[in-house]
Every structure is written in structure tokens, then in C-alpha cells.
Amino acid sequence: MSKQRFGVELPSTLQRSPDKAQRTYAKTLRSAEGEYGRGERARRTAMASLKHGFEKVGDHWEPKDHKGPSDPQDAAGGRQAREHPKETFGGVDVLGHSKAELYARAKELQIAGRSTMSKEALARAIARKQR
């Protein structure tokens, strides 16, 4: 169930997140709706803005140590991203973390088979576990 805050409906994961994450999403969503109208494109724009400074951890978003793109889709941006979509890894900051950091997180989540996984496979498994 989504809840209204900062003048927009927030997804449930954002409802459990810090105010800064909620404000970032809300401000970008309002701006994108002004530019593109309500709908999927505005929500994708707001989510991309959120992912630049926050990472999904469990059932909420936490600030990243270093701002920047989280995944190949986020790194592409704009028309390139729309016309040639890439994997998003469910909010896991695959570009901002080393394989060792993702492995440690997978270990905390007790993900089986983690020792043989690539960095991208670890990110996918973490994202699946966090759903």
C-alpha cells in the first residue's frame, strides 16, 4: 500500500526509508511529471534519481557511501537507456561495490552458492533475497 508524503504516493520501500530518500524521490517525481506527465516515465526518472544517492538494502533505501550510477542502466541514462535497456539489479549498487563487498552482503543474507558467483550474480541474488 502506498502512502502520500511530500505531495506524492511513495512506494512501500520508500515509506520505510530516510526522509532524504523520500524527498529525493518526491521532488524528482513532481518535476518529471511536469515534464513528461504522470506515468511510467516519470516514475522511472524519480527512481533513477533515488538510485544515484541511495541503495536498496532489505526492505528500504539507505544512503550510498559515494553518489553515482548503481547499475549499467543507470550509467547509460537518457535516450540510450530507453532504447537499449540494461539490467538494473533491483536497486543493488553493483557499480559502487566490489565483488568482496557484495559477497559479504550475500553471506549475511545466507545466499547459497555465493562462493562461485560473479559480481553480477551476487547482485542478482541479493536483489532476489530483498524482494
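Biologist: On what basis are the residues numbered and the values computed?

Modeller: Residues are numbered from 1 along each chain as its sequence is written, and side-chain values use heavy atoms, without hydrogens and water. Because the model is predicted, local features need pLDDT of at least 70 and side-chain atom pairs count only at pLDDT 80 or more, while totals for chains, interfaces and linings use all residues.

Biologist: Is Thr 24 buried or exposed?

Modeller: Thr 24 belongs to helix H2. Buried means under 20% relative accessible area, exposed over 50%, and partly exposed in between (1.4 Å probe, protein chains only). Because its relative accessible area is 16%, Thr 24 is buried.

Biologist: Why does Lys 27 count as exposed?

Modeller: Lys 27 also has its place in helix H2. Lys 27 counts as exposed because its relative accessibility is 60%.

Biologist: What is the angle at which helices H6 and H7 pack?

Modeller: Lys 99, Leu 102, Tyr 103, Arg 105 and Ala 106 in H6 meet Lys 119, Leu 122, Ala 123, Ile 126 and Gln 130 in H7, where contact means heavy atoms within 4.5 Å. Axes are lines fitted to C-alpha atoms, for helices over the stretch in contact, and angles run from 0 to 180 degrees between N-to-C directions. For H6 (residues 99-108) and H7 (residues 119-130), the axes lie 9 Å apart and the angle is about 35°.

Biologist: Which residue in E4 is the bridge partner of Phe 54?

Modeller: Strand E3 (residues 54-57) and strand E4 (residues 60-63) run antiparallel and are joined by four bridges; two strands pair if DSSP finds at least two bridges between them. They form a hairpin with two residues between them, and Gly 58 in the turn has a positive phi of about 65°. In E4, Phe 54 is bridged to Pro 63.
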